[in-house]
Amino acid sequence: MKRKIILPFLVGVFSFISMSDVNAETYKKYENGEAVYYNPVTGEKCNASEAVSTTGTKTGCMKWHTFNDAGENSSTVNMILDHNTTPLVAWNSSGDNKDGMNEVKTALESDTTGWKQTARLITADEIAEITGAKEKLKWTSDKNSDVTSPSIGLTISYFYFDGADGTDTTWKTKVANETTKSNYAWLFNNTDGCASYGCNVEDSGGQMGYWTSTPMIDDEINAWIVGYKGHLHYGYIKRTDAYGVRPVITVSKSLLVEDKDNSGETTDNTQDNNNGETTDNTQDNNSGETTGKNETNKEQISQDTIVEGDSTINGGTIIESEQIKGDATTENEILKEDTTTEKNPQTGLKNVGLGVLVFGLISLLSYRVIKNKKIFVK
C-alpha cells in the first residue's frame, strides 16, 4: 500500500521537472570574432553594405565582432567595434593609474551619446580569455608583471595574440605577418601599421591601438593596451599620440536574429577565408528593401520624425481610421491569444505533471496521518 502511495508522488516530481526543462529557452551561441552589423543609435541590426568602418565613425550602421559568449543559455552577447571612435586620447593625464580612467572615459561617454546600450572598454582579462592566454599562460591582470622573463602562473608580461601557434612558450615572439594572417585580426584591424603583423585592414591615421580599462597593478604609469602588432601590451597612460577608444557593448541576442529571405528560410552567415571572421548576409531577395505592411518607405523616414497618424485628414476619415484601428486591434488580440497557446504546447503536460505531484503529496500525507492514528490495519 505504501509503495502505491509513494509512486504517484515520485512520478509527479519527475514529470514536473521534465516539463520545466522542456520550456527552457535557448539562444544562438556566437563565436569569437563573428561579424555583426548593428546600429547602436537605433538599436537595430543592419546590412553589411550599409556599414562604415572609418576611424572616428560613431553613429549609423557599423561593423562589430562578438566575443566571450556565455553560451546558449545567455540572452546577451558582448560586441566590440571594428574601429576607434576617438583615434587618440590619454588614459589619464595625471600619470597615476590609481586615479582611474579620466580622459579616455570622457571620450568614450562623448562618443557613445545617444546609443541604446551603455558602452565600455574591453578589459585585458577579456583579451586573455579570447586568445587563450588565460588558460595557456595563466594570464590574469591581478598578477605582478615581469616583461623580461615571466613565470607562467606567477607573473605576467605582454603577449602576441597568435602566440599559441609559435614555439615561444611565453608568447613574446611575433607569429603572424603580411602573408600569415592573424587569427585575431578582428581585434586590431584599422590600426596604423598593422598589416605587417597580420591584420586585414590597415589605417594610416596614427592610432597604434586602443586602451583597455585595465591598469597595471605594479606600475602606476601604465595601463594595458591592444596594439597594432597584434598583441596585448602596456602603454604610458599620459600618451595622447598612440591609443584611442574602441567601444564594447552588450546586446540582447533578440536584436540580432537572422533575417529571412522570400522563401522563408533564414540566411546563413558566410565565413571569410582571409581571417576566419564571420560576415552576415542580411539582405533579402528584394535588394535589401524592407518588406511587410506599412514598412516600404521605412528608411526614408527621418529618425527624429514621429508619425502619429493622418492628422491632416478631416473629420469623417479620422473617425473611419479609428474604427479600422479598433477592429485591427481586436483581431490582433485574438491572434495573439491563439499564437500564445500554440507557442507553449508543453503547458498542458506541465500541468498534468503538477497535478500528479500534488496528488502524490496528498496521498503520502494522508498515509502518514492514518498510520499515526493507527487507523490503518497492517
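Buried means under 20% relative accessible area. Keep that cut-off in mind for this tour of a predicted model.

**Stop 1: valine 226**

Select valine 226. Its relative accessible area is 0%, so valine 226 is buried. The residue sits in strand 7, which spans residues 222-227. Valine 226 is then in contact with Ile127, Phe161, Leu187, Phe188, Met208, Gly209, Tyr210, Thr212, His231 and Leu232.

**Stop 2: leucine 187 and the cores**

Move to leucine 187. Setting aside residues up to four places away in sequence, leucine 187 touches Ile127, Ile130, Thr131, Phe161, Tyr210, Val226 and Arg246.

Next, colour the largest nonpolar core, which has 28 residues. Which of its residues touch the most other members? They are Ile122, Ile127, Trp139, Phe159, Phe161, Leu187 and Leu232. At least two residues of this core come from each of helix 3 (124-131), helix 5 (185-188) and strand 7. Helix 3 gives the most, with four residues. Another core, of 27 residues, lies apart from this one; Met62, Trp91, Trp211 and Tyr243 are among its members. In soluble globular proteins, nonpolar side chains tend to be buried together.

**Stop 3**

Most residues other than glycine have a negative phi. Two residues here call for a look at the backbone.

Select asparagine 68, in the loop between strand 3 (62-67) and strand 4 (76-81). Its phi is positive, near 50°. Is asparagine 68 buried or exposed? Its relative accessibility is 17%, under the 20% cut-off, so asparagine 68 counts as buried.

Then select lysine 138, in the loop between helix 4 (133-136) and strand 5 (159-160). Here phi is also positive, about 55°. Lysine 138 is partly exposed, because its relative accessible area is 43%.

**Stop 4: the cavities**

The structure holds two cavities of 30 Å³ or more.

Select its lining: Leu137, Trp139, Pro150, Ser151, Ile152, Thr155, Ile156, Ser157, Tyr158 and Thr170. Six of these residues are nonpolar, four are polar and none is charged.

The second largest cavity holds about 50 Å³ of space. Its lining includes Phe161, Asp162, Lys174, Phe188 and Lys229. By class, this lining has six nonpolar, two polar and three charged residues.

Technical notes:
Residues are numbered from 1 along each chain as its sequence is written. This is a predicted model: local features need pLDDT of at least 70, side-chain atom pairs count only at pLDDT 80 or more; totals for chains, interfaces and linings use all residues. Side-chain values use heavy atoms; hydrogens and water are left out. Buried means under 20% relative accessible area, exposed over 50%, partly exposed in between (1.4 Å probe, protein chains only). Contact means heavy atoms within 4.5 Å. A nonpolar core is a set of buried Ala, Val, Leu, Ile, Met, Phe, Trp, Tyr and Cys residues joined through side-chain atoms within 4.5 Å. On a 1 Å grid over the protein atoms alone, a cavity is a set of points where a 1.4 Å probe fits but cannot get out, and a pocket is an open set with protein on both sides within 12 Å along at least five of seven lines; lining residues have an atom within 4 Å of a point. Grid points are joined across faces, edges and corners, and a volume is the space filled by probe spheres set on the points. Ala, Val, Leu, Ile, Met, Phe, Trp, Tyr, Cys and Pro count as nonpolar, Asp, Glu, Lys and Arg as charged, and the others, Gly among them, as polar.
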